[in-house]
Amino acid sequence: MKHCEGCNGCKIDDKLVKIVDKYRGVDGGIISALHEVQDTYGYISNISQKYLSKELNVPMSEIYGIITFYSRFSLTPKGKYNVQVCIGTACYVKGADKVLARFKEKLAIEEGKTTEDGKFSLEAVRCIGACGLAPAIVINEEVYGKVDDKKVDELIEKYSKM
Amino acid sequence: MDIDKLNKIKVEYSRIIQEKRIMVCSGTGCTSSKSDVLIKNIQKKLESTKSKNISVQKTGCFGFCAKGPIVVIDPDETFYELVKPEDASDIVDGVITGKVVERLLTKEKDKLIEKWHELNFYNKQERIALKNCGKINPEKIEEYIALDGYQALYKALHTSRDEVIDIVLNSGIRGRGGAGFPTGKKWKFAKEAQGNIKYVCCNADEGDPGAFMDRSILEGDPHSVLEAMAIAGYAIGATQGYIYVRAEYPIAVKRLNVAIEQATKLGLLGKNIFGKKFSFNIELRLGAGAFVCGEETALMNSIEGKRGEPRPRPPFPAIKGLFGKPTLLNNVETYANIPNIILKGSSWYNTIGTKNSTGTKVFALGGNINNVGLVEVPMGTTLREIVYDIGGGIPEGKKFKAAQMGGPSGGCVPTKYLDTPIDYDSLSEIGAMMGSGGLIVMDDSKCMVDIAKFFLEFTVDESCGKCTPCRIGTKRMLEILTRITEGKGKDGDIEKLERLASNIKGASLCGLGQTAPNPVLSTLRYFREEYEAHIYDKKCPSGVCKALTQVLINPEKCKKCGICAKNCPTNAIDGELGKVTYKINQDKCIKCGVCITKCPFKAISK
Amino acid sequence: MYRKKKMITLTIDSRAVTVPEGTTILEAARKIDIDIPTLCFLKEINEVGDCRMCLVEIEGVRGYKASCVYPVEEGLVVRTNTKGLIDTKRTILELLLSSHEKKCLTCVRSTNCRLQDLCRRFEIPDLEYEVEMPEADLDDSSECVVRNTAKCILCKRCVNVCKKVQGVAAISTMNRGFHAKVGVALDMGMRDSTCVGCGQCVIHCPVGALVEKSNVGQLREALADKNKIVIIQTAPAVRATIGEEFGMPIGTLVTGKMVAALRRIGFDKIFDTDLGADMTIMEEATEFIERLKSNSNLPMITSCSSGWITFAEKFYPELLSHLSSTKSPMEILGTLIKTYYAKKEGIDPKDIYSVALMPCSAKKAEIIRDELKLEGNIQAVDNVITTREMARMLKEANIDLASLNDEEYDNPLGEATGAGHIFGTTGGVMEAALRSVSYLLDGTEVKNVEFKQVRGTKAIKEATITIAGKEHKIAISQGLSNASILLNQIKDGTSPYSFIEVMTCPGGCINGGGQPIVDEYKASKIDVKGLRAKALYKADKKAKFRKSHENQSVQKIYSDFIGKPNGKVAHELLHTHYNKQEVYTEK
Ligand SMILES: Cc1cc2nc3c(=O)[nH]c(=O)nc-3n(C[C@H](O)[C@H](O)[C@H](O)COP(=O)(O)O)c2cc1C
Ligand code: SF4
Ligand code: SF4
Ligand code: SF4
Ligand code: SF4
Ligand code: SF4
Ligand code: SF4
Ligand code: SF4
Ligand code: SF4
Ligand code: FES
Ligand code: FES
Ligand code: FES
């Protein structure tokens, strides 16, 4: 199988080639491929989309439609630390809205945005399965439970230094 | 794999799991409170003490996550709560010397409880779906086998397909993922469907925010799901299974992968299982953050690599499902019950629960309740028993107001129905729903209009946008609710909500839209006066809706100590220390309530 | 194996109806003339159940069901008009309007809009919601089509037409929930996408969310400009459809009336694109003979459908050498106007404003192609006006086409043969070529001019013909997804054909993206494409000459000006070339 060599001077890196090769011919593999691209690069670039489209034979418009449908996929890079505040029911009843507000205030960004230094991005998510520890948040893969204002401040401080 | 080999593993590991074992929860909750470090510390300590015959094992969730990390010493079943990494040494010493570490025990009414099953939280439970959670190391297939694992598959493969389906049918089990459709019937349709390629799918998307039983099962007992899927595959004539699991559950995903690998290695999945002409493989597919993908047809579209938009039914998945082929889809908890049912028989299962809702149900108890966690109880248990006996009641001396059941599709159960036995039918009679078993308790500080709005925000966010009533209608309902909570409600708004609600329910394409108005309808049914207070009196009786709430200092009680002013995040409070009574500037106040909790003289209230 | 379908009887609004198994309730109802309102349904293309306007009540079934996707079952008892259903549908319409840019007075689809129609049918009152609108996305980057999501009801007919019929998938659904919209990948404009400008999405949109890019304004200016000689040519397919816009039945041929109307509106000369079509045949058939002789670049593929050219350049650049290098009839005529005619009349080509009345939106992009520029860097055609745009212009000029008497085209570019007329329907170009190819090869005249094998509605038609004693297989495709099947064969080296006709639009130009829009319900009752095609075949039958090479004016053009088909001058003026087009490139 001959690979797309990239057009207009765009370079396709080896990691992307590997991902795509894995899902060639897999029924419905595009979403799995997008997961891997998202996890590898932190977002799904236009070039990745074009490459996936060509190699997995899915029209560009549909790939874009898929990416914009699922909230895990993003079109722009996320911050180094992606803060996900759970606003699921269990957490909401335990004051998740206040946790979210605290993060917004302290990071001075809205949901879905990234701080200027590229360090933090903030997202509201619906349940991470740690309802027993409500209100819960996730920073990258790390789950934190029973979060209050104080803990928010501590966490921001801790990660700012990392 | 043949039965002798299976039994050999069983015998060998039954002995091993009877040895002294330190079982440490490594579910999502406990891992987040550092149980992983705890395990390492215990390991180190064990090595340094050179204690033989004592091991530390990772387990899945015990269900009592709020008290995590949890450690249980087997075979004595000593239960330690809120264990810290530093406690490792004492725990190991205790196991060696045979002494219990008292400070880690749970205290109930001044009494220290030693054993797992003696805790109030556990003693009313009956564990079938969760039976292995906490008892085995989920990353060792042999431990699952030691507790009768894969015996049901063996038995099923030596029973006719129709008989297998009859057992499931006669057990009376109904789907645990939502609507409660009889599982046996579904299997039967799938078996009868024409086609030589069929699929078995497992719905592990667990979308209801506040429910986490499926995660728990996958983390603590993944093989039970694999075994059940293989049994289903045999019964309906499928050779390929898919598990659609949320990407938000990395631990569950990892354990499933390990389990599939181990089962395949032992020949319990793959070609010619138990030497029979039956082959079955399982593949994982990850969700990508869309609640609607829990809906069966949307889930199939998502596996097929499309936007997760539901499809019209008919054709039903049993006839034309995944990749256009006959497909059986069940929920994780449904599957987790199956091996037990096959082994112990339908009449055993039949006796548990109520007539039309047999067996047990796992609830995720959350919200304003003392014992937050997963509880598995026989169908027909009352809400009061769950909330007060198992859940330990409402914290901070507050009163029970309602329980939200069935998540965003469900409704709330007010105080007057606390004694209703919980089963599929009585819940839907009172306007709630079993759903996947989310049970969020709310105390009297909660505003029901705000709660309804919260759920609608969820559905508006999660609507796929395919069909008109749900795409636009839920948004319009949310707009009306928002204006009510902002004090801009108008006469006629309630009627508008009701008309929209009933038309959205009737016209929407999938379950999401068809049930989206339920939280509004159910709060309107039981708490209509709260809506009216918002609209006509411009008051939020619970003091939750900020625009309708004022935080006020009672000048008679104020001792001019200034503490409130120091703590106010927006500098909304003025006064002079010891001289002028403090007063809140309402334009600046964001109703955060900090001052209320800080005032030593209880002079501030909403 | 063909199995006879089981017949199923059900009751709809107390009337029994019997239909074959697999029919939907909606179609069963239509069979007994119950017009259940629909917005999204498009038979075989868009059976999605999205809009929910077609809901019905089925006895014993919980909730309302979308009849457009519900297969009939024996003994079903269906109601289509209960109080509950009507209230629900009114709510759906209210909701649609609550997020719709309600500007009927200035909307080109007014009076031919399904949403407007249903709102009147259901007497939707003034709206009660105070509302947020979804973000609007107005995309006029394309030369052919304008997208306005503020008027979109998300029925997704366009998405599926573009994907299933055309295999282009330039537009798709994006985002979700309230923010869902139909858009282009990477949120780019249509111009940057794989769109080929065919306008099939436009004629299937039930509302005014997709419309042709209007060029009427420039035309008005030109007509008012005393220094311009404004010349119009009319495509084969327009004469068979423009009458519809004036209330005439589908399939009415109005050639003479159309010419009369155009004269009234002020065009200085009215020429016939069909003459260009005859010229196309002279060139293309000659080219075919040459390729047969040299056995190179076979199969040869026709090149007159402009959406197809863009498609080939965007999707199959490696096959461009298979395309005939002959310009489209419109471009040939436009070229002749600014060269042959201008020279003959002693006019400076720069003073000519050359207009083409076309059934097609893709042509709007064709005229600005660099490859088609004439000496002095001028365009052969300055403005393309679609059938619908012209009908609107005539109406604003108080011209009721239906009441006019027939008039004739102007000379010397107004004479055409039957072969030229049938260019407007699928198979027509091939048939026209077959009428001339043996004559051009060795002077043999075919006896029977009607090649019935290449006519009709089949997606891909095949025939075997004999040229100079040798048999050749030919194929005709309509709709670009069908073209892809033939193209993939060429790529795989398995194509058995020597000559292929590709038409972008299903049915050919009679169903082009610029043609009158027929409401879906009406279209389900009559064979729109068939009737329009019939009108062209009628014109062919009536024609004095039915083979392109018999066209007297064409013969004169060759002898006076061009010389030989495929000769030096022909190559300079009547042929072109193609280039790969990049898509989704960032600027
Ligand atoms: C919007 C929506 C979300 C759903 N989410 C889930 C889910 O997260 N998990 C689940 O098991 N079932 C979910 N369901 C129900 C499934 O569609 C399906 O009925 C169920 O998985 C069938 O399994 P069961 O018969 O074992 O319950 C959902 C349904 C709807 C309409
Ligand atoms: S009801 Fe909502 S989620 Fe379901 S198909 Fe319609 S828009 Fe999508
Ligand atoms: S804290 Fe209480 S007592 Fe002290 S100033 Fe504030 S209101 Fe007065
Ligand atoms: S409620 Fe919060 S913002 Fe308002 S006065 Fe008290 S502390 Fe300040
Ligand atoms: S699309 Fe239809 S309803 Fe909308 S403005 Fe145009 S004519 Fe009116
Ligand atoms: S239809 Fe009504 S709104 Fe439209 S122009 Fe006429 S009077 Fe005005
Ligand atoms: S004009 Fe044709 S190619 Fe372009 S979007 Fe519409 S249907 Fe697709
Ligand atoms: S643009 Fe037209 S055809 Fe396309 S979805 Fe919107 S309303 Fe339907
Ligand atoms: S078939 Fe006719 S109307 Fe359609 S794109 Fe081609 S030339 Fe235009
Ligand atoms: S609701 Fe927040 S983790 Fe489940
Ligand atoms: S995660 Fe440890 S008890 Fe639930
Ligand atoms: S849902 Fe049937 S026509 Fe739209």
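This briefing describes selected features of chains A, B and C in a predicted model of a complex. The predictor assigns the complex an ipTM of 0.95 and a pTM of 0.95, and for chain C the mean pLDDT is 96, with 99% of its residues reaching 70 or more. The points below take chain A as a whole, then helix 6 of that chain, and after that selected sites in chains B and C.

**Chain A overall**

- Chain A contains seven helices and four strands, and read from the N terminus its elements follow the order α-α-α-α-β-α-α-β-β-β-α.
- Taken along the principal axes, the box filled by the C-alpha atoms of chain A is roughly 55 × 30 × 25 Å.
- Of the 162 residues in chain A, 57% are buried, and among its contacts between residues at least 6 apart in sequence, 58% join residues at least 24 apart.

**Helix 6 of chain A**

- Helix 6 of chain A, spanning residues 96-107, has 12 residues and reaches 16 Å from its first C-alpha to its last, which is close to the 16 Å expected at 1.5 Å a residue.
- The buried residues in this helix are Ala96(A), Val99(A), Leu100(A), Arg102(A), Phe103(A) and Leu107(A); because they cover an arc of only 160 degrees around the axis, they lie on the same side of helix 6 of chain A.
- As background to that pattern, an α-helix has 3.6 residues a turn, so residues three or four places apart point the same way.
- After helix 6 of chain A comes Ala108(A), which has a positive phi near 55 degrees.

**A helix pair in chain B**

- Helix 8 (residues 161-171) and helix 14 (residues 332-344) of chain B have axes that come within 10 Å and cross at roughly 105 degrees, and the crossing angle therefore makes helix 8 of chain B roughly perpendicular to helix 14 of chain B.
- On the helix 8 side of this meeting in chain B are Val164(B), Ile167(B), Val168(B) and Ser171(B), while helix 14 contributes Ile338(B), Ile341(B) and Ile342(B).

**Two buried residues in chain B**

- Ala364(B) is part of strand 11 (residues 360-367) of chain B, and it counts as buried because its relative accessibility is 0%, where the cut-off is under 20%.
- Beyond its neighbours within four places in sequence, Ala364(B) has contacts with Gly210(B), Ala211(B), Phe212(B), Met213(B), Gly373(B), Leu374(B), Gly437(B), Gly438(B) and Leu439(B).
- Ala364(B) and Ser436(B) are 72 residues apart along the chain, and their C-alpha atoms are separated by 9.0 Å.
- Thr297(B) is located in helix 13 (residues 296-303) of chain B, and with a relative accessibility of 3% it also counts as buried.
- When neighbours within four places in sequence are left aside, the residues in contact with Thr297(B) are Glu309(B), Pro310(B), Arg311(B), Arg313(B) and Pro317(B).

**Helix 3 of chain C**

- Within helix 3 (residues 114-121) of chain C, the residues Arg114(C), Leu115(C), Gln116(C), Leu118(C) and Cys119(C) are buried, and the buried residues of this helix pack against helix 2 (83-98) and helix 16 (520-525) of chain C.
- Glu123(C), which follows helix 3 of chain C, has a positive phi near 45 degrees.

How values were computed: Residues numbered from 1 in each chain as written. Chains lettered and ligands numbered in written order. Predicted model: local features only at pLDDT ≥ 70, side-chain atom pairs only at ≥ 80, totals over all residues. Heavy atoms only, no water. pLDDT = per-residue confidence, 0-100. Expected span 1.5 Å × (residues − 1). Buried < 20%, exposed > 50% of the residue type's maximum accessible area, 1.4 Å probe, protein only. Arc of directions from axis to C-beta. Axes fitted to C-alpha atoms, helices over the stretch in contact; angles between N-to-C directions. Parallel < 35°, antiparallel > 145°, perpendicular 65-115°, else oblique. Contact = heavy atoms within 4.5 Å.
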